[in-house]
Amino acid sequence: MFPSFIKSIFAITNITYLFRKEDKANLLIDKSEFPTLVNRQMKISSLFSQLEALKPSIAIVIGTERFEYTSVGGHDFLIEVKITLPVPSTWRLVSQTKQFNRFRSPAVDALVTELVQLQEILVCDGEEVWL
């Protein structure tokens, strides 16, 4: 095990990282006084779970056994397929290269939009708590 002073250094480093990242909502140890903050974090966690739950159906549509989202240029949860593979016409093209197209399905798009909104509100909630 680590000596206690090393554990303290890790704790301070983590706190410093969260402050720099402006993630003040996760700095709170006891969140029981802030039910709005807790509810918002639970909704965000639920959206991540819903995005994960969509993976098997996306894999079937693109004809692969497994599927992982990609992130490119600040866009997260992208469905990357080879440029030669057909995709449903309802999928929105986000970016492309010579070899790959990156899409979002309507379901992923809706969840990502809600996720981004909730994350922005959570940052504001965290700021408010620290005032």
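**Close-up views of a predicted model**

**View 1. Strand 4 and its pairing with strand 2.** Glu80 has Arg102, a residue of strand 4, as its bridge partner. The structure shown here and in the other views is a predicted model. Strand 2 and strand 4 run antiparallel and are joined by four bridges. Strand 4 covers residues 100–104, and four of these five residues are buried, so the strand is largely enclosed by the rest of the structure.

**View 2. Strand 4 and its pairing with strand 3.** Strand 3, made up of residues 92–96, also runs antiparallel to strand 4, and four bridges join the two. Within this pairing, Gln96 stands opposite Asn101 of strand 4.

**View 3. The largest nonpolar core.** This core contains 21 residues, and those with the most contacts inside it are Leu51, Ile58, Tyr69, Ile79 and Val108. At least two residues of the core are supplied by each of helix 2 (35–53), helix 3 (55–62), strand 2 (75–82) and helix 4 (106–130). Helix 4 provides the largest share, namely six residues.

**View 4. The surroundings of Tyr69.** When residues up to four places away in sequence are not counted, Tyr69 touches Leu51, Leu54, Lys55, Ile58, Phe77, Leu78, Ile79 and Val108. Among these, Leu51, Ile58, Ile79 and Val108 are listed, together with Tyr69 itself, as the residues with the most contacts inside the largest nonpolar core.

View 5. Just after the helix comes Gly63, which takes a positive phi of about 75°.

**View 6. Leu37 and Leu122.** Leu37 is a residue of helix 2. With a relative accessible area of 2%, Leu37 is buried, because buried means under 20%. Along the chain, Leu37 and Leu122 are 85 residues apart, yet their C-alpha atoms are separated by 6.9 Å.

How values were computed:
Residues numbered from 1 in each chain as written. Predicted model: local features only at pLDDT ≥ 70, side-chain atom pairs only at ≥ 80, totals over all residues. Heavy atoms only, no water. Core = buried A, V, L, I, M, F, W, Y, C linked by side-chain atoms within 4.5 Å. Buried < 20%, exposed > 50% of the residue type's maximum accessible area, 1.4 Å probe, protein only. Contact = heavy atoms within 4.5 Å. Pairing = 2+ DSSP bridges.
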